There are 2 protein chains.
Amino acid sequence: MDWREQSTANCSVARTLEVIGEKWTILVLREVFNGVRRFDDIQRHIGIPRPILSDRLHRLLDGGVLRRIEYREPGQRARHEYRLTETGLELQTVLLSLMEWGDRHPAGAGGPARVVRHRGCGAPVHVALVCEAGHSVASPRDVVGEDGPGARQLTA
Amino acid sequence: MDWREQSTANCSVARTLEVIGEKWTILVLREVFNGVRRFDDIQRHIGIPRPILSDRLHRLLDGGVLRRIEYREPGQRARHEYRLTETGLELQTVLLSLMEWGDRHPAGAGGPARVVRHRGCGAPVHVALVCEAGHSVASPRDVVGEDGPGARQLTA
């Protein structure tokens with residue numbers, strides 16, 4: 001099917017963007033992946049307006065990406081911290097792909113601000129494409145998109 | 001350095017989001033990765049308002065992600081089509097990460113709308129994490145973030 005004739009109603013890129021589809025949401029996820037899990041800490045570090053942060057956290061809770069855990073500091077009322085669910089952890093390649101591209105392209109002076117290493121061996125980790133036959137995909141041009149089982153005709 | 005004390009002014013995730021940081025822009029890239037390169041074709045397929053599409057294409061041109069090629073249909077005025085630059089092609093892992101997550105999580109009825117295969121061998125392609133020592137990273141928990149050479153203290 002010509003891509004222009006294929007319905008995008010069930011497109012998986014679009015579906016993901018419904019959960020994490022704008023800048024603040026992805027920056028909130030960046031914080032949580034970096035171990036910053038409390039509302040005030042996230043708010044201060046990103047400089048995000050509080051009502052927007054509250055809205056984005058709720059969207060991520062609704063989308064099953066974050067879960068909320070209660071904690072209580074001595075003498076304080078109960079508060080919540082936000083942790084990645086298993087589903088949320090699987091967004092790691094999205095975050096690391098964004099980071100790697102930014103490391104290379106609108107290249108920052110002084111090198112990357114953050115490096116990600118393999119736990120145990122300590123070598124830097126990169127995002128790669130591999131095929132189910134075990135080949136690593138050398139170039140972006142070495143992949144071909146085609147209709148999946150869910151492909152549907154666009155209707156007017 | 002505690003992540004909360006690290007400046008995010010040179011964060012590579014944020015830098016990438018300055019170029020591709022909202023839903024429409026990523027959907028425009030999805031079209032171009034699928035070979036849809038002309039303004040009217042993109043506009044019709046996504047249903048994006050024309051002024052927004054024009055703005056997003058300019059942002060992608062300015063960011064070095066797309067380049068513009070002139071073409072002329074018989075009897076028509078010259079028009080442009082939009083192609084990925086080498087820099088733009090390197091966003092492929094971002095798009096494929098978004099697609100894979102969407103394939104799995106807010107799971108679509110009937111399976112994925114789109115499948116990506118290794119050119120030549122034909123096996124389905126997936127996004128993976130590999131370390132420079134050649135290990136494939138088995139779990140999202142097997143990576144550790146640390147300060148990179150560009151890490152800077154947050155200033156108030």
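This is a predicted model: local features need pLDDT of at least 70, side-chain atom pairs count only at pLDDT 80 or more; totals for chains, interfaces and linings use all residues.
In which sense, parallel or antiparallel, do β4(A) and strand β4 of chain B pair, and over how many bridges?

View 1. Residues are numbered from 1 along each chain as its sequence is written, and chains are lettered from A and ligands numbered from 1 in the order in which they are written. Chain A has six helices and five strands, where helices (H or I, at least four residues) and strands (E, at least two) are DSSP runs numbered from the N terminus. The radius of gyration of chain A, taken over C-alpha atoms, is 19 Å, well over the 15 Å that the globule rule (2.2 Å times the number of residues to the power 0.38) gives for 156 residues, so chain A is more spread out than a compact globule. Along the principal axes, the C-alpha atoms of chain A fill a box of roughly 60 × 45 × 30 Å.

**View 2. The side of chain A that touches chain B.** In this interface, 78 residues of chain A are in contact with 78 residues of chain B, two residues being in contact if their C-beta atoms, placed from the backbone, lie within 7 Å. The helix α6(A) gives the most to this side of chain A, with twelve residues.

View 3. The pairing of β4(A) with strand β4 (residues 125-131) of chain B is antiparallel and runs over seven bridges; strands count as paired if DSSP finds at least two bridges between them. Within this pairing, A128(A) has A128(B) as its bridge partner. A further antiparallel pairing, over five bridges, joins β5(A) and β3(B), and here E146(A) stands opposite V115(B).

View 4. A residue is buried if 20 or more other C-beta atoms lie within 10 Å of its own, exposed if 12 or fewer, and partly exposed in between, with C-beta atoms placed from the backbone.

**View 5. Helix α1 of chain B and its surroundings.** Helix α1(B) (residues 12-20) is mostly covered, since eight of its nine residues are buried. These buried residues pack against α2 and α6 of chain A, together with α2 and α4 (50-62) of chain B.

View 6. The helices α2(B) (residues 23-33) and α6(B) (residues 92-104) pack at an angle of about 105°, with their axes 11 Å apart. They are therefore roughly perpendicular to each other, a term that covers angles of 65 to 115 degrees. I26(B), L29(B), R30(B) and F33(B) of α2(B) make this contact with Q92(B), L95(B) and L98(B) of α6(B). L27(B), also placed in α2(B), counts as buried because it has 22 C-beta neighbours inside 10 Å. Leaving out residues up to four places away in sequence, L27(B) touches A14(A) and I46(B).

Note on methods. Axes are lines fitted to C-alpha atoms, for helices over the stretch in contact, and angles run from 0 to 180 degrees between N-to-C directions. Angles under 35 degrees count as roughly parallel, over 145 as roughly antiparallel, 65 to 115 as roughly perpendicular and the rest as oblique.
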